Amino acid sequence: PVDRIDAIVSLAKRRGFVYPSSEVYGGSRSAWDYGPLGVELKENLRRQWWRSMVTGRDDVVGLDSAVVLARDVWAASGHLTEFVDPLTECQSCHRRFRADHLTEEHGDGSTALAELSCPSCGNRGTFTAPRNFNGLMRTYLGAVEDESAEHFLRPETAQGIFVNFLNVLQSSRRRPPFGIAQVGKSFRNEITPGNFIFRTREFEQMELEFFVRPGEDETWHEYWLGERWRWYTDLGLSERNLRRHEHPADKLSHYAKRTVDIEYRFDLGGKEFDELEGIANRTDFDLTTHSKASGTDLSYFDQESGERWFPYVIEPSAGLTRGVLAFLLEAYDIDQAPNTKGGMDSRTVLRFDPRLAPVKAAVLPLSRNPELSPKARGLAAALRKRWTVEFDDAGAIGRRYRRQDEVGTPFCVTVDFDTLSDNAVTVRDRDTMKQERVSLDHVENYLVERLPG
Ligand code: ATP
């Protein structure tokens, strides 16, 4: 597992998925930049989520709210007081840690800090008593940096949805059960960012707030647990790498009646499974507290029954950037591929579902040649109208195949000397490495059948 994540971090940088942020100045463990292939992969994952959660459904609409909301929002939501982590400091090396993460690492939640050794310097029993640390990221709006100008970057996209509940209800002509979905950046002043893009201070979330009639909340919660599990497995995460984690009653957030996490086998930092998505029953907490605090009634008037009630909220909250890591880990594989000398070499391959693959097809002329290259360029240009396509005519064909395998391109289309007479090309499948001769005017259809939208 350790070399797996190391291999992925190095591949990600070498091939242009993810770079350490501000690397020329030494980089930071808390931020990462998405390169040419990473931005495609992340966008594909976002698009799949949006299709399945919003445009593919009749009962969910989208929203894109501001990152900096009114200060009152965070007072009402409880974030100013409740959004805290227990912070402890090692008195030997002065590294800071989340006390709850330390106890988890040592496998026993009840272990006293005095009995633990520091993960950084190894000294035992040197931790200060934990104190609460607020994770909101602060900024100042306007010219004067005083308390009245103090604002917060959102630590979740959800609150932007709740404060727009009435706007969406009135303008979209939806009524419960219905949902509002949002994808975007969130910010948390994490004490211990790290493990590559698993935990960063700036990250992206994909959240749905689904509003239902009280009493129907538990059924809808089960429904969304099933839907979200299916979404991950349908896109390629295997069941053996996924599990459900039910939050014990005494660990529930202040707003939640029940929360179940979908966990993935990230195998990071000494933990086998870790949270990929949290699916919470938030009750009517958000709409009632925002009603009280703002003076705007956010309840729903049910015309059919003549009753007024506050909808309950079921919230599937997923990490987009954390999801990218899960799909990278799942896709990474090493197998054996034939080399030109009749032997076998080990090859690295990212087995992405074609819907997620950053490049769908690569067009490769067998060699750089005044007849082959223009033909191949023409084909690449035609295919590019539909898909993300790479053209590559540099170096040995075997090495170009390896390169495409390593970034997870499902199909390589090779233009060779026979193409000039038979008007056909060779299409190579990433996973089976089988090659098929396909006539030039059928290439597009061939790919349409094998690349779901
Ligand atoms: P943790 O306990 O690990 O800090 P959390 O329970 O606070 O996480 P949620 O508030 O449930 O996380 O956030 C929903 C989702 O957002 C998480 O399942 C995760 O995928 C993603 N997420 C949360 N914090 C981060 C972060 N710092 N970096 C990347 N993704 C994150």
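Colleague: To start with a detail, where is M433 found?

Modeller: M433 is found in the loop between β22 and β23 (435-439), where helices (H or I, at least four residues) and strands (E, at least two) are DSSP runs, numbered from the N terminus. Phi of M433 is near 60 degrees, a positive value in a residue other than glycine. Please keep in mind that this is a predicted model, in which local features need pLDDT of at least 70 and side-chain atom pairs count only at pLDDT 80 or more, while totals for chains, interfaces and linings use all residues. Residues are numbered from 1 along each chain as its sequence is written, and side-chain values use heavy atoms, with hydrogens and water left out.

Colleague: And what about N423, what is its phi?

Modeller: N423 has a positive phi of about 55 degrees, although it is not a glycine, and N423 lies in the loop between α13 (419-422) and β22 (424-429). Most residues other than glycine have a negative phi, and most peptide bonds are trans.

Colleague: Which residues does the cis peptide bond join?

Modeller: The cis bond joins P176 and P177, with omega about 0 degrees, and P177 sits in the loop between α7 (165-172) and β9 (178-187).

Colleague: Changing topic, at what angle do α2 and α10 cross?

Modeller: The axes of α2 (residues 36-55) and α10 (residues 320-331) come within 10 Å and cross at roughly 110 degrees, the axes being lines fitted to C-alpha atoms, for helices over the stretch in contact, and angles running from 0 to 180 degrees between N-to-C directions. That makes α2 roughly perpendicular to α10, a label for angles of 65 to 115 degrees, whereas under 35 counts as roughly parallel, over 145 as roughly antiparallel and the rest as oblique.

Colleague: Which residues make that contact?

Modeller: From α2 there are L41, K42, L45 and R46, and from α10 there are L320, T321, G323, V324, F327 and L328, where contact means heavy atoms within 4.5 Å.

Colleague: Which residues touch the most other members of the largest nonpolar core?

Modeller: Of its 57 residues, those are F17, F196, Y232, F266 and L325, and the largest share of this core, eight residues, comes from α10. A nonpolar core is a set of buried Ala, Val, Leu, Ile, Met, Phe, Trp, Tyr and Cys residues joined through side-chain atoms within 4.5 Å. Leaving aside neighbours within four places in sequence, Y232 is in contact with L237, L242, I262, L276, E277, A318 and F327.

Colleague: What about the open sheet, what is its strand order?

Modeller: The open sheet of three strands has the order β5-β4-β6, with antiparallel pairing, and two strands pair if DSSP finds at least two bridges between them. β5 (96-98) and β6 (131-134) stand at the edges, each with a single partner strand, so one side of each is left without a neighbour in the sheet. Three bridges join β4 (residues 84-89) to β5, and L87 stands opposite R98 in β5.

Colleague: Lastly, how many bridges pair β17 and β18?

Modeller: β17 (residues 332-338) and β18 (residues 344-350) pair in the antiparallel sense over seven bridges, and in their hairpin, which has five residues between the strands, G342 takes a positive phi near 85 degrees.

How values were computed: Buried means under 20% relative accessible area, exposed over 50%, partly exposed in between (1.4 Å probe, protein chains only).
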